[in-house]
Amino acid sequence: MENAAPLTPFPLDVLLGRIAHEWETRQRIFDLPTGRFWKRPDNIDLSMEFLGKPAATPVGPAAGPHSQMAQNIVLGWLAGARVFELKTVQVLDDIDIGRPCIDMETIGFNTEWSQELKVAESLEEYVKGWMIIEILRQWEPLEPFVGTDPGPHVFDMSVGYDLAGIQTDKVAGFIGSLLDAGAEIDRLSPQIPEPFAGFRDHDFPTRVSDTLTLSTFHGCPPDEIEAMVKHLMDRHGLDVIVKLNPTLLGFPRVVEILQKDLAYEHIRLNRLSFVDDLEIGRAVDLISDLQKYAADRERRFGVKLTNTMVVNNDRDVLPDDPMYMSGPPLHVLATSLLDDLLSTMPGTFMVAGHDGPVQVSFSAGVAKGNISATVGMGVAPATLSSDLLRPGGYGRLEPMLRQLEKDMEAAGSHTLAEWHQHSWDEARAGGFRGPAEAHMTNIVKGHGKSQYDLYANEDPPRSVDHDLEMWGCVACNFCVTVCPNDAFFRLPTPEGADMSGRQQYFVLAELCNECGNCMVFCPENGDPAQVKPKLYLDRSRFGLGEGQGFFLEPEGDGVSITARQGFESEAGRLDELLNDRVEGIPIRAGDL
Ligand SMILES: Cc1cc2nc3c(=O)[nH]c(=O)nc-3n(C[C@H](O)[C@H](O)[C@H](O)COP(=O)(O)O)c2cc1C
Ligand code: SF4
Ligand code: SF4
């Protein structure tokens, strides 16, 4: 098993300095162009309530690679995310996960089940993300692109995976520090650099999060889930959502949908995971009991559909086994589970036509093609991970929101409540119990199936028969957009330079955890994260690595470059690119 280089987050001053510098030199933030920033439309209100808290849109990253580091969270916000399910934190924060850990070649598999940062680092990343968003909300240059009022957003914690773990001082301290981040904000504020230095004395809201989505690991006993929810409500006063697994559908239903209806016969289900996981009868009792428990304490409770599906790994891509399936087929499974739960527990859930108290959050293959139907079912928020790992990355959120706005406008709906009503009326007129059954029928048996079945999702990304080299490539930009950590950036090739290709690509080595996603989408043969120049800002990390690599230090207005042995001849080319006066390295040299 190969283990990854550790993630080394950039400090707050470097991140804010980069925002200012990148804006000034290329009008992008963390490589996202302004055309992909989301701005509230005048005539459509997409706002929702997440466990009683307002959020200006019903979408955001699901717990995963897009909600782990500060710049990831900021990228999501710029593109329109307003509900952030933060990457799950657990007491065991030094686990080695085999690399690569993300396989999006077809539908979506991963083995990235645990956070890759220490708990204290995760806390700092979330607070940094929170502070940067607060600053950007008020930063004048952004106003034409995000509007005068970008609307409220919600940070939702996620912890796992057992009661003993969440009771430890480490995890309890993490939760407490997001409930009141005053000390962390006070510690970080002096780092705020120009041109944002006026925010050093800003009154940042200190309650970063007071809701939590509990990630239950496959096989977690029901009594343990119940005890964890009660503990989180009682000890920390949190409103809690439990993330449920698709195994709740039962083995025969999953086989029928996945293997027969959608033709994924080759996916090897893990029968044991169905035996160990919560089953539907117990889930119904659990939901009723926990809702009552929450209501008695004036707390809110909800469920999330769904976590990933555990399957055996028979693909030759990820080293770890089992692996976790997400993406299009999971959308069908989660929609079927929602329809089952709505029929079994009428009046329980906070969705159209039911008006119950239990919020239903959704994460399963959400994408532009189904956002309107998903939100129309009444679930909120609709969070996503797999779709954001595809080319376009965070920039896929804005067109997704525009699609929802367009569909709502065409139906004469100006608020999400009106859209729910419209979806309800349409489904009933079509003879369905409600929009969940209508959507499920469409994607399991109707026209919609063609987006979700094997035939729509079996082709690997396009490739060209050429070995990837350090300089020059087809310059598709995929490595920049599919990287959840924004570890890649590009620079235009200077006129007359001794390099092929329109653009040159670089890896900020400390931000790369070797997840493998850029390798999957790169059309050339090779791993961009290993082949393209690896730039280090941290001398000790530079010293640890092998192969090509370049250490950058500030020198005058630019950077000086130290190459690893054997790669000195490349330093001249790097110097020409990184010290270019027009664009150059996106990070402010003085902050290094
Ligand atoms: C790479 C990756 C890492 C993930 N990490 C977590 C995690 O730490 N905690 C968690 O509860 N879910 C995790 N998930 C599951 C997602 O939050 C989400 O529920 C699931 O992927 C389904 O949504 P999707 O089809 O949009 O990907 C992860 C998913 C992916 C793809
Ligand atoms: S650079 Fe590639 S391997 Fe590294 S984190 Fe980004 S997508 Fe993953
Ligand atoms: S390295 Fe690969 S993915 Fe990145 S721009 Fe070049 S060809 Fe595209």
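Predicted model: local features only at pLDDT ≥ 70, side-chain atom pairs only at ≥ 80, totals over all residues.
Residues are numbered from 1 along each chain, ligands are numbered from 1 in the order written, and hydrogens and water are left out of side-chain values.

A cavity here is a set of points on a 1 Å grid over the protein atoms alone where a 1.4 Å probe fits but cannot get out, with lining residues having an atom within 4 Å of a point; its volume is the space filled by probe spheres set on the points. Among the 36 lining residues, Ala63, Asn110, Lys243, Asn307 and Thr308 are the closest to the centre.

So what sits in the largest cavity? Ligand 1 does (more than half of its atoms lie within 2 Å of the grid points). Here are its polar contacts, meaning pairs of N or O atoms within 3.5 Å:

| Residue | Part of residue | Ligand 1 atom | Distance |
|---|---|---|---|
| Glu112 | backbone N or O | nitrogen | 3.4 Å |
| Lys243 | polar side-chain atom | oxygen | 2.8 Å |
| Ser363 | side-chain N or O | oxygen | 2.8 Å |

Taken alone, ligand 1 exposes 600 Å², and the protein buries 98% of that (accessible areas by the Shrake-Rupley method with a 1.4 Å probe).

Conventions
1 Å grid on protein atoms, 1.4 Å probe; cavity = no way out; pocket = protein on both sides within 12 Å on 5 of 7 lines; lining within 4 Å. Polar contact = N/O pair within 3.5 Å; in protein donor to acceptor, adjacent residues only side chain to side chain.
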